[in-house]
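Here are my notes on this model. Please read them with the structure open.

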Amino acid sequence: MIKRHSRPALLLALLPLAVALAVPVAARADDGEAKTNDDDPTINQQGFAINKILRVLQTNPDAAGDSCINALKEMHQAQTALGKEEGIDPEHNQDIGVARDVLSSEMEDVTNMCGADARTYCRKATDHPDPKLTAACNALPAEED
């Protein structure tokens with residue numbers, strides 16, 4: 001279990017890593033949005049959503065709960081596994097599809113767990129308006145039913 005006083009440091013360490021992992025090769029476009037180049041468009045879409053969520057949580061790492069942090073760790077492990085599979089002759093490796101499915105599932109967990117934390121923080125942060133936070137909150141992906 002993560003101690004309360006170490007969570008902000010851990011989250012701050014994991015957030016840039018999670019962004020890098022969610023977006024395997026990121027580049028800035030003129031509009032400031034991250035672009036991804038994964039062969040799976042679902043992973044690319046999930047990467048965009050995760051980047052938006054993490055922008056909110058980076059403003060207050062304490063807003064991320066244990067389930068969010070754990071989901072980020074699991075996503076990191078899935079990304080590492082996919083990277084290994086992609087390094088093995090991707091055209092003839094049948095395990096890449098499984099690795100992508102696992103990563104997509106882990107990214108969905110990050111979107112759900114961390115997204116809930118980000119939305120909660122956005123609702124509570126209206127007392128202290130910050131233009132960057134307001135913009136990040138407005139850019140959050142829609143909550144799924």
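1. Start with the core. The largest nonpolar core has 28 residues, and Val56, Leu57, Leu72, Met75, Leu103, Val110 and Cys114 touch the most other members. A nonpolar core is a set of buried Ala, Val, Leu, Ile, Met, Phe, Trp, Tyr and Cys residues joined through side-chain atoms within 4.5 Å. Buried means under 20% relative accessible area, exposed over 50%, partly exposed in between (1.4 Å probe, protein chains only).

2. Helices H2 (41-59), H3 (66-86), H4 (95-124) and H5 each give two or more residues to this core. H4 gives the most, with nine residues. Helices are DSSP runs (H or I, at least four residues), numbered from the N terminus.

3. A word on the source. The model is predicted: local features need pLDDT of at least 70, side-chain atom pairs count only at pLDDT 80 or more, and totals for chains, interfaces and linings use all residues. Residues are numbered from 1 along each chain as its sequence is written, and side-chain values use heavy atoms, with hydrogens and water left out.

4. Now H5. Its buried residues are Leu133, Ala136 and Cys137. They line one face of the helix, because they fall within an arc of 100 degrees seen down the axis of H5. The arc is taken from the directions from the helix axis to the C-beta atoms. The face turned away from the buried side carries exposed Pro131 and Asn138. H2 and H4 are among what covers the buried residues of H5.

5. Look at Ala136, in H5 (residues 131-138). Ala136 counts as buried because its relative accessibility is 10%. Beyond neighbours within four places in sequence, Ala136 is in contact (heavy atoms within 4.5 Å) with Lys52, Arg55 and Val56.
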